[in-house]
Amino acid sequence: MIRLLALLALLVRCGTAQAGDILRLYGEENVGTAGGQFLRIPVGARGVALGKAFVAAGTDGSALFWNPAGIMRTPGRVNYFASHVAYTADIDIDYVSVHHRRQNFGFGLVMGMLRSGDILRTDEYHQEGTGTYFNANQFFLGGTLARAMTDRFSIGGTVKYYQENLDEYQMKSVLADLGILYIVGWKDMRIGFAVRNFGSDLKPSGTPPVLPDGYQASADFQSFPAPTVGSFGVANTWTLGRDVDLMTSADFNHPSDFKESFRFGGELGLRRMLFLRTGFETSRQEGGFAAGFGLKLERKQFRIRVDYAFSDMGSFGTIHYISVDLSPLHQRKDPDAWRRRERR
């Protein structure tokens, strides 16, 4: 535990060459200073329904987003995950991942995409539109590696390429995530820590637009820090009855460009098939409350879970999330099968 705490302190204090400290102090004073906010949008209906308190609870395909060390604790050795978000302003967000874990290490691939659709172009002379359209799309591609250091302690990291397209302008960067997960040994209590989206600053490429007479055009675009965020969380499952259990989770979230927040979530499991969830995040005027449900079916060949969640975004309306998590289950071979074949 002493080594674990020392590692946490080191992660908080370490930094990158251009983006400054991984976790900037006084995040509330840096509101609006980071770019690439698409990378902050949560992934997976289960994590959203738990109020985004998922850094220690995430042990499914969405763990590649929340905490890459979590892929070493998924029920199946191979996992396929897909998520769709009907975001505000007719924006669609899709996320897919696949990972494979062995006894001591795992690896995975992940991709996320935001599609704005066609946006009507306007200017000071055509407030109703010029008749032409443009797009504002974003995506990232990443690869994850994780390792189980012991039967209780695992680490993981993700390197991802991020690109934002706004009309004829582009913004590209290579960012990284780092996470750890520790099994305490009491019930199934887990402690997780993750730092996401740290790397070089984000800077658009292209020619700056021409400004009207009387204004001096800049010869270059301004760069912005990456949307780095650090999370520390605890999760545990409580047995309430023979077919009823309650999983609770709590996270402390520290973004580089906003105030810190606490996240809380609860998941009531009925016969390990139906799950009812709710969660809340403090320090948010919009999007603090979330809820949802999930249905898990398990057969000899596979385990599938379908989840739904909604989040209240205030003036932006209600955001709907749906995700599917699929794990083929590999059965152990019968050690006496060869004897029966010989008798035949």
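Here's a quick tour of the cavities and pockets in this structure. Keep in mind that the model is predicted. There are 3 cavities of 30 Å³ or more, and the largest pocket comes in at about 980 Å³. The second largest pocket has about 770 Å³.

**The largest cavity**
- This one holds about 90 Å³ of space.
- Its lining is made up of Phe38, Ile41, Pro42, Val43, Phe65, Ser83, Val85, Ile93, Asp94, Tyr95, Gly112 and Phe140.
- By type, the lining splits into 9 nonpolar, 2 polar and 1 charged.
- Strands β3 (78–86) and β4 (92–101) each put in at least two residues, and β4 gives the most, with 3 residues.

**The largest pocket**
- A set of 36 residues lines this pocket, with Gln37, Arg40, Ile41, Tyr87 and Met313 the closest to its centre.
- Ile41 turns up here and also in the lining of the largest cavity.
- At least two lining residues come from each of α3 (63–66), β14 (244–255) and β19 (318–328).

- β13 (229–239), β14, β16 (274–281), β17 (289–298) and β18 (302–312) each supply at least two residues.
- β14 gives the most, with 3 residues, and this strand also supplies at least two to the lining of the largest pocket.

Note on methods
Residues are numbered from 1 along each chain as its sequence is written. This is a predicted model: local features need pLDDT of at least 70, side-chain atom pairs count only at pLDDT 80 or more; totals for chains, interfaces and linings use all residues. Side-chain values use heavy atoms; hydrogens and water are left out. On a 1 Å grid over the protein atoms alone, a cavity is a set of points where a 1.4 Å probe fits but cannot get out, and a pocket is an open set with protein on both sides within 12 Å along at least five of seven lines; lining residues have an atom within 4 Å of a point. Grid points are joined across faces, edges and corners, and a volume is the space filled by probe spheres set on the points. Helices (H or I, at least four residues) and strands (E, at least two) are DSSP runs, numbered from the N terminus. Ala, Val, Leu, Ile, Met, Phe, Trp, Tyr, Cys and Pro count as nonpolar, Asp, Glu, Lys and Arg as charged, and the others, Gly among them, as polar.
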